[in-house]
Amino acid sequence: MMDLVKDAFQKEKIISNLRFFALLNLGLILTALGIVWFKTPNHFAFGGTSGLSVLLSAMFPRFNVGFFMWVLNMILVVLGFIFLGISCMGWTVFSSFALSFYVSVCEAIWPMPQPFTDDKLLELIFAVLLPAVGAAIVFNIGASTGGTDIVALILTKHTSLNIGSALMCSDVLIILGAAVIFGVPTGLYCALGLIGKSFVVDGVIESINQRKVCTVVTSNPEDITDYILDDLHRSATVEEAQGAYTGKPLTVVMTVLTRREANLLRNFLRVNDNHAFITIVNSSEIIGKGFRALN
């Protein structure tokens, strides 16, 4: 029996690691596509290593953005090893080099000497959307895209600086550099893109994690709990209650479901217990078994 439990645990761990690795690479690929297809040809430098690489590539046209991302990330990784140690770097090293690799591959397969369209605002939307979605996927699994995240880790460990403010200042300097090199309109687009990216990242993370907290008040809880346990394969919390107006005994069943599962439960109640009272509330942060781990 112990061997079966151990094998099942190892299998679950392998599946979890494969899922983590697949999502990490998916996020990095989306980020790389946004950099190559939309940021580079439009000279959008929002900040970070990709933004600085866009500026350096314009100043030294012999080298592309991917080359400078390799150089900058190598420098940052070395600094991370010196000031943080190998054990603290974790997946940041992989993310830094993998993102540089994907950018270089995209530039080799599909070089972008000019933008897809003449609509600067449309290009900006996708320049924000693709990297923001990619970053949201990576952040949501507890990893990072590397680059300036290493600077943040170093500052966190060795100084008392406000990290958010320090990184924002570096992004602002890069945007100012874009305005000087590419003109004020491009600099303004970059500022708009930096602001938009933060909102999109937060929105995508909330959308990925959104769950439905369902509270059902009923006088026939058995069928409902059986449906939740046996058909939806979720658990629930059951409490005894009393109607304030009727004084009759009632049962409150509370469960957390995905959007699809909540619709199934609502349809089940409509057919099997149309006198039940149900409230459904959105939640973007569910921590516990079956959802996000405590750590």
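This is a predicted model: local features need pLDDT of at least 70, side-chain atom pairs count only at pLDDT 80 or more; totals for chains, interfaces and linings use all residues.
Student: How many helices and strands does the chain have, and what share of its residues is buried?

Tutor: The chain has 11 helices and four strands. Of its 295 residues, 41% are buried.

Student: Why is Ser95 called buried?

Tutor: A residue is buried when its relative accessible area is under 20%. Ser95 has 0% relative accessibility, and therefore counts as buried. Ser95 is found in helix H5. Leaving aside residues up to four places away in sequence, Ser95 touches Leu24, Leu28, Ser144, Thr145 and Gly146.

Student: Which other residues of H5 are buried?

Tutor: Among them are Thr92, Val93, Ser96, Leu99, Tyr102, Val103 and Cys106.

Student: How do you know that the length of H5 is close to what is expected?

Tutor: Helix H5 covers residues 91-109, which is 19 residues.

Student: Why is Met74 called partly exposed?

Tutor: Partly exposed residues fall between the limit for buried, under 20%, and the limit for exposed, over 50%. Met74 has 42% relative accessibility, so Met74 counts as partly exposed. Met74 has its place in helix H3. Met74 and Phe97 are 23 residues apart in sequence, and their C-alpha atoms are 7.8 Å apart in space.

Student: What makes a set of residues a nonpolar core, and which residues have the most contacts inside the largest one?

Tutor: The members must be buried residues of the nonpolar types Ala, Val, Leu, Ile, Met, Phe, Trp, Tyr and Cys, joined through side-chain atoms within 4.5 Å. The largest nonpolar core has 37 residues, and those with the most contacts inside it are Leu24, Leu28, Ala45, Phe46, Val103 and Cys190. H1 gives the largest share of this core, 10 residues. A second, separate core has 13 residues, including Cys214, Ile228, Leu265 and Ala276.

Student: Which residues does Val103 touch, beyond those up to four places away in sequence?

Tutor: Val103 touches Ala32, Ile35, Val36, Gly66 and Met69.

Student: What is known of the second largest pocket, and which residues are closest to its centre?

Tutor: The second largest pocket holds about 710 Å³ of space. Of the 29 residues that line it, Phe139, Thr148, Asp149, Asp171 and Lys197 are the closest to its centre. The largest share of the lining, six residues, comes from H9.

Student: How do the residues of this lining divide by type?

Tutor: The lining of the second largest pocket has 12 nonpolar, 12 polar and five charged residues.

Technical notes
Residues are numbered from 1 along each chain as its sequence is written. Side-chain values use heavy atoms; hydrogens and water are left out. On a 1 Å grid over the protein atoms alone, a cavity is a set of points where a 1.4 Å probe fits but cannot get out, and a pocket is an open set with protein on both sides within 12 Å along at least five of seven lines; lining residues have an atom within 4 Å of a point. Grid points are joined across faces, edges and corners, and a volume is the space filled by probe spheres set on the points. Helices (H or I, at least four residues) and strands (E, at least two) are DSSP runs, numbered from the N terminus. Ala, Val, Leu, Ile, Met, Phe, Trp, Tyr, Cys and Pro count as nonpolar, Asp, Glu, Lys and Arg as charged, and the others, Gly among them, as polar. The expected span of a helix is 1.5 Å times one less than its number of residues. Buried means under 20% relative accessible area, exposed over 50%, partly exposed in between (1.4 Å probe, protein chains only). Contact means heavy atoms within 4.5 Å.
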